[in-house]
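Please find below a colleague's note on the structure under review. The points are numbered and may be read separately.

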Amino acid sequence: MVTKPHTAAPRMFGHRRRLFTHVALIGFGLVMLYPLLWMISSSFKPTSEIFSDPSLIPRTFVPQNYPEGWTALEYPFHHYIWNSLVVVAGSIVGNLLACSMAAYAFARLEFRGRRLFFGIMLTTIMLPIHVVIVPQYILFANLDWINTFYPLIVPKLLATDAFFIFLMVQFIRGLPRDLDEAARIDGCGHARIFLRIVLPLSMPALATTAIFTFIWTWNDFFSQLIFLTDPEMYTVPVALRTFVDSQSQTSWGPLFAMSAIALGPIFGFFLAGQRYLVRGIATTGIK
Amino acid sequence: MIGATRERTAPPGAKPPPPRATRRRAVSRLRRRDGLAAYVFLAPWFVGLLAITVGPILASLYYSFTDYSLIGDPQWVGLENYVRMIGDERLHTSLGVTFTYVFVSVPLQLALALALALVLDRGVRGLAIYRSVYYLPSLLGGSVAIAILWRRVFGADGLVNQVLGFFGIQGEGWVSHPDYALGTLVVLNVWTFGAPMVIFLAGLRQIPVMYHEAAAVDGAGPVRRFFSITVPLLTPIIFFNLVLQMINAFQTFTQAFIVSGGDGGPSDATMFYTLYLYREGFGNFDMGYASAMAWLLLAIIAGFTAVNFLASKYWVFYGD
């Protein structure tokens, strides 16, 4: 990201003003993060204390919420984590493969109908999932795919997440064309140019795609709720939802413990991939 | 010229590059083979487009004119589903809830995003840290875990009321009160202002400093510079964020589903349109009506996006 000198800002009250800005920014940040911190601290509190004490330090430290939440549902929680990981891994592989292939064609190849198809691709980004979900459900039901991971993974192998095609097209267009034209003169076919030149140079775009696919798929609730109805196939979000519903007197300590675990991987990817996340969102507006 | 430069920089003993004419002919011969290769590279996307997107769009349009419960064949009923929508009180409620949510939460979210982007753009130290902290909720906001947290934070004995109690204020059970339940979801959406903020920050970086300097020399104060320079030059970004966030907000589902316990309560105060659609389609298995509802949603989103684009002519300035 380009930085610019901020000479225009008046420096009259320099010090005090800057201090005030930082205090305000930190204070606001704390207010924003307080619910998250409260959730983590509550996951170590006995349920009665969650409702009586807003402090972040548990008076009684209850690590048992974690094992208790882990086994509270029909299957142990790692079963749902594993299911989520299978769906996530399949989605990442699908998006990386299919979207990068389509992006290469749109960014580098001349073919009849390119503009038209590119326009259609862009339009599909805006399409609400609700318009297609009913027929998709019927289609997958006819294929006997309900309560399998196919409805969640196969569409990714078919490049239906068009955001990522767009992201990669933008990226590949920025790569110097001389490289692949030189390779073509030397007799390289498209497969080799794609695999040996364009893909390795597109690592930042591929990383952005992988990270966003992870976070979206891990968070996705709507399609997993619709396609997975058998507890054995539940993913983390769907399992969490049954946790809320299963007891009329919800045991909030264990529920918060599992919620904290559900947020863990996103937090990890956030820390590891911040650079890509910020660049990805600044250039394409995905979130 | 280019050829000459190349020859000069070529390592000794390297094969001289082909003359330009030959090279161009070779490239154009390769171009002709592009067509076939392109279709090979696009094959997965074509299959997906037909089977997962266009096919279902057409099917959905067809189902919207039928009575279909997954058992037996769809029965053609003409416009019946659409007529039913006109008299469906609950659908009207869900539209009202969704419109209120979109038109309250999106402007608030964007205003907050812009305000913080402006503060952060003034060269505060630790920008990267602040940006990350404020952005984090955007990644988490759509998750079930956060919706569960929200339900508890705004519960009768939740965090918000504990904090209010500290100041001697007796709070409501916000999520269970028909007047306030939607407000808690608005707060949740505003909380995810980090994503548009990052886009605003990127946009602010594009405004040349010299404009501000020139205006400052001419005696324009910070407020004047904000409205005369920053805002006009930022309008394309404001527009982009507005369109994007509106489209997203119209499709809100997870938060509404979890916070309301799946039934849009209390008294349908959080019966979002998508939640009602889900219940009609996958609760009552009324696939025809759900399809018709999906088309109304598409029409609404397309309509508002079109209005945005038309109105943008009057307030969005594209420089050069």
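**Notes on the predicted model**

1. Arg84(B) counts as partly exposed at 36% relative accessibility; by the definition applied, buried means under 20% relative accessible area, exposed over 50%, and partly exposed in between (1.4 Å probe, protein chains only). The structure is a predicted model, in which local features need pLDDT of at least 70 and side-chain atom pairs count only at pLDDT 80 or more, while totals for chains, interfaces and linings use all residues. Residues are numbered from 1 along each chain as its sequence is written, chains are lettered from A and ligands numbered from 1 in the order in which they are written, and side-chain values use heavy atoms, with hydrogens and water left out.

2. Arg84(B) forms a salt bridge with Asp286(B), the closest N and O atoms being 3.0 Å apart. Arg84(B) lies in helix H3 of chain B and Asp286(B) in the loop between H13 and helix H14 (287-315) of chain B, so this pair ties together parts that are 202 residues apart in sequence. The term salt bridge denotes a side-chain nitrogen of Lys or Arg within 4 Å of a carboxyl oxygen of Asp or Glu. Helices (H or I, at least four residues) and strands (E, at least two) are DSSP runs, numbered from the N terminus. Asp286(B) is buried, with a relative accessible area of 16%.

3. Glu280(B) also forms a salt bridge with Arg84(B), and here the closest N and O atoms are 3.2 Å apart. The pair links distant parts of the chain: Glu280(B) belongs to helix H13 (residues 273-283) of chain B and Arg84(B) to helix H3 of chain B, 196 residues apart. Glu280(B) is buried at a relative accessible area of 7%.

4. Which side chain of opposite charge is nearest to Asp88(B)? It is Arg84(B), 4.8 Å away, and Asp88(B) is buried yet has no salt bridge; in this count Lys and Arg are positive and Asp and Glu negative, with His and the chain ends not counted. Asp88(B) is placed in the loop between helix H3 (80-87) and helix H4 (89-121) of chain B. A polar contact of 2.7 Å joins the side chains of Asp88(B) and Tyr276(B). For a polar contact, the requirement is a pair of N or O atoms within 3.5 Å; within protein, one must be able to donate a hydrogen and the other to accept it, and residues adjacent in sequence count only if both atoms are side-chain atoms. A polar atom of the Asp88(B) side chain also lies 3.0 Å from the backbone nitrogen of Arg90(B). Not counting residues up to four places away in sequence, Asp88(B) touches Tyr276(B) and Tyr289(B), contact meaning heavy atoms within 4.5 Å.

5. The whole structure contains 8 salt bridges over all chains. One of the pairs in chain A joins Lys156(A) and Asp161(A), with the closest N and O atoms 3.2 Å apart. Lys156(A) counts as buried at 17% relative accessibility, and Asp161(A) counts as buried at 13%.

6. The largest nonpolar core has 187 residues, of which Phe106(A), Ile165(A), Leu240(A) and Trp45(B) touch the most other members. Helix H4 (residues 77-108) of chain A supplies the largest share of this core, 14 residues. Such a core is a set of buried Ala, Val, Leu, Ile, Met, Phe, Trp, Tyr and Cys residues joined through side-chain atoms within 4.5 Å. Leaving aside neighbours within four places in sequence, the contacts of Leu240(A) include Phe77(A), Leu255(A) and Met258(A), and also Val144(B), Ala145(B) and Ile148(B).

7. Ile81(A) lies in helix H4 of chain A and counts as buried at 18% relative accessibility. Leaving out residues up to four places away in sequence, Ile81(A) touches Trp70(A), Trp218(A), Val236(A) and Ile261(A). The C-alpha atoms of Ile81(A) and Gly29(A), 52 residues apart along the chain, are separated by 30 Å.

8. Chain B has 14 helices and 2 strands, and 52% of its 320 residues count as buried. Helix H8 (residues 181-191) of chain B is mostly covered, 9 of its 11 residues being buried. What covers these buried residues includes helix H1 (14-42) of chain A together with H4, helix H5 (127-140), helix H6 (144-153) and helix H12 (254-259) of chain B.
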